[in-house]
Amino acid sequence: MPKILSKKEAVEYLGLDTKTFDNYFKNASEFPCVKRKGKFGRFYFDQDELFKWKESLAWRTVELDKEDYALCLDFALAQHFRNYVQSDFGTGRQREFGQKITNWVKGQLGEVAVRKFFKREFNLDVELDFDIRDKIVLQDITGIKDNGKMRTPKVGVGIKSSKPKSAFLVIGENEMTIKERRSDIYIYCRPDIPDDHLLRLTKEEVNEAVKNKPHYSKYKDLIPDFTNIPCEVVGWCHYSDLRKVNGIPGLDFEGIRYVKESGLLRKSKKDWKNLIKQL
């Protein structure tokens, strides 16, 4: 007989906070439940199914080290200063710096994670485009190593990243409706990049700059070190799997988006092997 867990027990078993658990369960369809009739109509979960989810998550998660991060930060800074010098020098742009860099780094971390995942699990070498270009790069995987030589992929692949708690792969309207910009396949990643990643990288310089200041003793032991960044390679779908919406739970869009629940993406080993055959 399968062991059935209450929601509280399931949250503890998976090691998630309640809000993330609810988001994954209710919005993302990450794991199934058994709804038992009772006084409060509570949800119960099969421990075996939760175990499979945990195993799958661990298998699809890639550790990104400082060198991986530096590659992505280099790209983000190049993008920032390229756009910065081409635009007006305003305080609004300066205030946006941290979020812009984080968004760019996050996106590139997802691409690096996919490359490492393919190499680690399937011994497949893929080439990414980290060049700074005047035009939009249409596809994120630009080369597949085949018989010792790089060739162009047979299908276009876009790699999208969001924060760990995000329940949906979301694609903008133009990327779907303008055929030249659309990818055949979309891969979704969730890099767990801390908000203070730049502080962690520059910890020594920050400490040196503020060590003689009046409040330094209050936080000198609290500035975290840089650590590897885990990134879940969540899954993939064909562009035709996405559905057209005006919003998702908790968020209304300004315009149209195309979405897919993270739990409904193709993510088994068989699914990934199938994608590799298409490449």
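**Burial, charge and salt bridges**

Ile 159 counts as buried at 5% relative accessibility, where buried means under 20% relative accessible area, exposed over 50% and partly exposed in between, with a 1.4 Å probe and protein chains only. This is a predicted model, in which local features need pLDDT of at least 70 and side-chain atom pairs count only at pLDDT 80 or more, while totals for chains, interfaces and linings use all residues. Residues are numbered from 1 along each chain as its sequence is written, and side-chain values use heavy atoms, with hydrogens and water left out.

Me: Which residues does Ile 159 touch, not counting residues up to four places away in sequence?
Reply: A contact means heavy atoms within 4.5 Å. Ile 159 is buried, with 5% relative accessibility. Not counting residues up to four places away in sequence, Ile 159 touches Gly 110, Glu 111, Val 114, Asp 140, Ile 141, Ile 187 and Cys 189.

Me: Among contacts between residues at least 6 apart in sequence, what percentage join residues at least 24 apart?
Reply: The chain has 279 residues, and buried residues make up 39% of them. For contacts between residues at least 6 apart in sequence, the share that joins residues at least 24 apart is 69%.

Me: How many salt bridges does a search of the whole structure find?
Reply: Side chains of opposite charge can pair when their charged atoms come close. A salt bridge is a side-chain nitrogen of Lys or Arg within 4 Å of a carboxyl oxygen of Asp or Glu. Over the whole structure, the number found is 17.

Me: How far apart are the closest N and O atoms of Lys 7 and Asp 22?
Reply: Lys 7 is partly exposed at 31% relative accessibility, whereas Asp 22 is buried at 17%. The two side chains form a salt bridge, and their closest N and O atoms are separated by 2.7 Å.

Me: Which parts does that pair, Lys 7 and Asp 22, tie together?
Reply: The two residues are 15 apart in sequence, so the pair ties together separate parts: Lys 7 lies in residues 7-14 and Asp 22 in residues 18-27. These parts are helix 1 and helix 2.

Me: Are Arg 190 and Glu 232 buried or exposed?
Reply: Their side chains meet in a salt bridge of 3.1 Å, N to O. The pair links distant parts of the chain, 42 residues apart, with Arg 190 in strand 10 (residues 185-191) and Glu 232 in strand 11 (residues 229-238). Arg 190 has a relative accessible area of 2% and Glu 232 has 7%, so both are buried.

Me: In which helix does Lys 273 lie?
Reply: Lys 273 is partly exposed, with a relative accessible area of 45%. The helix that contains Lys 273 spans residues 269-278, and it is helix 11.

Notes:
Helix = DSSP H or I, 4+ residues; strand = E, 2+ residues; numbered from the N terminus.
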